[in-house]
Amino acid sequence: MSLAVSVSFAAAIDPLPPLSGAQQEHYQQLISQLRCLVCQNQTIADSTAPLALDLREQVHRQIAEGRSDAQIRQYMTDRYGDFVLYKPQLKPRTILLWFGPFVLLALALITAVIFTRRSRRRPVPVAVDQQALQRLLSEEDGR
């Protein structure tokens, strides 16, 4: 019975169409440019997450159907947003993705320079009247 169930599941799963050598190279290149939305620091090529597997299958099918890189990227960004791309296009809504780290770094450097300059400032020595200081000290000792 379990054999019959496993055969019926295998028949229900649509096998991926085979890719030619050029298409397979294209597939590998494209999946290395898409981010795993679960792992976020891995490509879908490197990730073992179920979502990454689904995305790899979707890319595989679309390449087999003859879609271009631009069409596949557009499909992915329409469905998952610009974050799915490791190198999102520079648009008004992705400016923070591109320049946010540099802005934070610049603010950190400016803050470090300000604190360093403030800590280097030493109080200006005040001229002390030595005779008056001696009188005060001798008065204190006399009490």
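In this report, a residue is called buried when its relative accessible area is under 20%, exposed when it is over 50%, and partly exposed in between, as judged with a 1.4 Å probe on protein chains only. By this scale Gln 58 is partly exposed, because its relative accessible area is 24%.

The structure is a predicted model, in which local features need pLDDT of at least 70 and side-chain atom pairs count only at pLDDT 80 or more, while totals for chains, interfaces and linings use all residues. Residues are numbered from 1 along each chain as its sequence is written, and side-chain values use heavy atoms, with hydrogens and water left out.

**Overall build**

The protein has six helices and zero strands, where helices (H or I, at least four residues) and strands (E, at least two) are DSSP runs numbered from the N terminus. Read from the N terminus, the order of elements is α-α-α-α-α-α. Of the 143 residues in the protein, 19% are buried. A contact means heavy atoms within 4.5 Å, and among the contacts with a separation of 6 or more, 48% join residues 24 or more positions apart.

**The nonpolar core**

In soluble globular proteins, nonpolar side chains tend to be buried together. A nonpolar core is here a set of buried Ala, Val, Leu, Ile, Met, Phe, Trp, Tyr and Cys residues joined through side-chain atoms within 4.5 Å. The largest such core holds 16 residues, of which Tyr 27, Leu 34, Ile 44, Val 59, Ile 63 and Met 76 touch the most other members. Two or more residues come from each of α2 (21-31), α3 (50-64) and α4 (69-80), and α3 gives the largest share, four residues. Val 59 is in contact with Tyr 27, Leu 30, Ile 31, Leu 34, Ile 44, Ile 72 and Met 76, once its neighbours within four places in sequence are left aside.

**Individual residues**

Gln 58 is placed in helix α3, and beyond four places in sequence it touches Tyr 75, Met 76 and Arg 79. A polar contact is a pair of N or O atoms within 3.5 Å; within protein, one must be able to donate a hydrogen and the other to accept it, and residues adjacent in sequence count only if both atoms are side-chain atoms. The side chain of Gln 58 makes such a contact with the side chain of Tyr 75.

Ser 47 lies in the loop between α2 and α3 and counts as buried because its relative accessibility is 3%. Leaving out residues up to four places away in sequence, Ser 47 touches Cys 36, Cys 39, Gln 42, Ala 52 and Arg 56. Thr 77, in helix α4, is also buried, since its relative accessibility is 12%, and Thr 77 touches Asp 82, Val 84 and Leu 85 when residues up to four places away in sequence are not counted. Pro 18, by contrast, sits in the loop between α1 (2-12) and α2 and is exposed, with a relative accessible area of 75%. Although Pro 18 and Arg 61 are 43 residues apart in sequence, their C-alpha atoms are 9.3 Å apart in space.

| Side chain | Partner | Distance |
|---|---|---|
| Gln 58 | side chain of Tyr 75 | 3.4 Å |

**The largest pocket**

Thr 77 also belongs to the lining of the largest pocket, together with Ala 70, Arg 73, Gln 74, Asp 78, Asp 82, Leu 85, Gln 89, Lys 91 and Arg 93. On a 1 Å grid over the protein atoms alone, a pocket is an open set of points where a 1.4 Å probe fits, with protein on both sides within 12 Å along at least five of seven lines, and lining residues have an atom within 4 Å of a point.
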